[in-house]
Amino acid sequence: MYPSRLGKLSTYDWLKLSFAFLIIGVEALIRLILFFLPTSVITALNRRVVKIYDAIGWLSDAKFSKEEMLEDKKTYDLSAAGLAQYFGYYLEQHVVYTADGYQLSLHHLIQTQKNTPCKGVVFLQHGLMQSSEVWLCTGDAFAYQLAEDGFDVWLGNSRGNKYSCKHFSLRPDNPAFWDFSIDEMIAYDVPACLSWILHYTNVEKLAYVGFSQGTALGFGTFSLNMKIANQVSVFIALAPAGKALGLRQGFLQTLVHLAPQSIFLIFGTRALMPWVSFWRTVLSRKVYASLIEAGCKMLFDWNMQQLGDHRRRLMLYSHLFSLASVKTIVHWFQIVASDRFQQYDDLREFHGSYKNIEQQVYPIEQIPCRVIMIYGGADRLTDIMWMKENLPSHFSHQHIRIPDFEHLDIMWGERANDLVFPHIISALNEDSPFPVKDMSGSDPIYLKHCDKQQNN
């Protein structure tokens, strides 16, 4: 199926590809062996690995007190609702049904300790292979900061992740369940979630804050769905992802450009890397965190230093991963290969010219709502200049660059609350449905909703 394009790989690249398959096979074999071993044996092996790794790993100089370890352990395996409760909030659960049958989990953050006036409704959408937990996993997370500042905060969960892994007629073990790309999330998920929130809160408009792939969903939705776009007061794109630059240069980048669909050969056609959850359970937190950092360094050349000290990074990484479809990854690789923010190409052929069929491009220049991009100066994952050039020109002066920040730093950086969050609050306050300090002229329906939220 892929001979002509895969044939363009060099002998050295073929050796690397063969080694990748070997690693995947060895990992599967080890996982199978561990599955049948007693827990006591796995624990003993894990302790031995930790001792060896502490002598050579990046966390060998990280010393945590017993109290700190016990405190962190409380939040390591908490769900989104558990995290919110741990930090003094309540997470209201909502289920949204899409037109193509998926059941999405919406989380509504409610304060339990004090009353603050409602400035407006804000929807947060996570990135690729993430869940709503990324907005909640530390005490200074963006979601809590927004709630403290008086906003009504809602958190989305993309189809297929740990909170939205259900369908009316398809089971997750059916390959058809995972037959979706970015297109379906743009066409169905975002409109369904925003429509539900607008209906529930009785407001005319809300603010959309996306991170990484969450911004791509916003760019795609608001460029084609004018009804939804006109119900968004401001679209704040954190580490915006439209046209991607791809992976770190080398063999993987070559494979992405030549044969994006070859990823199906490596990972199958269902969920991407579901075995990560197994290793998260088996490995110690130190080893698991080091593997994440090694992978990010290899794929994206990130150094992760802006995320804070070892203890903070361990906490963040424990809530980083969630399921996504392999097809979504292939879609991103097609975007890299085509050098366009386009829809998924089901008919892509591996002989002759790539542009055998012209695929629909998401026309981000048509977005009617206000757009503010906040991006890192050291973020080499996405093409910021292309997005600046193609977004409506009257938004160009509103984009903000944070020097030295990488992709994840915009959301999780230790200094993000000082360097990123004030810009978000400023933009939201400008588009607040009523003045920040004077609520006397507010919409009675919206005030009624705010009272309902505070009394829950």
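**Exercise 1. Find where His407 sits, decide whether this residue is buried or exposed, and list its partners.**

Step 1: His407 is found in the loop that runs between strand 8 (400–402) and helix 17 (409–412). Helices (H or I, at least four residues) and strands (E, at least two) are DSSP runs, numbered from the N terminus. Before going on, note that this is a predicted model, in which local features need pLDDT of at least 70 and side-chain atom pairs count only at pLDDT 80 or more, while totals for chains, interfaces and linings use all residues. Residues are numbered from 1 along each chain as its sequence is written, and side-chain values use heavy atoms, with hydrogens and water left out.

Step 2: with a relative accessibility of 2%, His407 counts as buried. Buried means under 20% relative accessible area, exposed over 50%, and partly exposed in between (1.4 Å probe, protein chains only).

Step 3: the His407 side chain makes a polar contact with the side chain of Ser212 at 2.7 Å. Such a contact is a pair of N or O atoms within 3.5 Å; within protein, one must be able to donate a hydrogen and the other to accept it, and residues adjacent in sequence count only if both atoms are side-chain atoms.

Step 4: leaving aside neighbours within four places in sequence, the contacts of His407 (heavy atoms within 4.5 Å) include Phe211, Trp302 and Asp379.

**Exercise 2. Work out which partners the side chain of Thr98 has.**

Step 1: look in the loop between strand 1 (89–97) and strand 2 (103–111) to find Thr98.

Step 2: Thr98 is buried, at 6% relative accessibility.

Step 3: beyond four places in sequence, Thr98 is in contact with Leu104, Arg159, Tyr188, Asp189 and Ala192.

**Exercise 3. Describe how helix 7 meets helix 8.**

Step 1: the axes of helix 7 (residues 182–201) and helix 8 (residues 213–224) come within 9 Å and cross at roughly 85 degrees. Axes are lines fitted to C-alpha atoms, for helices over the stretch in contact, and angles run from 0 to 180 degrees between N-to-C directions.

Step 2: helix 7 and helix 8 are therefore roughly perpendicular, a label for angles of 65 to 115 degrees.

Step 3: on the helix 7 side, Ile182, Met185 and Leu194 are among the residues that meet helix 8, whose residues in the contact include Ala216, Leu217 and Phe222.

Step 4: the contact divides into 9 nonpolar, 3 polar and no charged residues. Here Ala, Val, Leu, Ile, Met, Phe, Trp, Tyr, Cys and Pro count as nonpolar, Asp, Glu, Lys and Arg as charged, and the others, Gly among them, as polar.

Key: Parallel < 35°, antiparallel > 145°, perpendicular 65-115°, else oblique.
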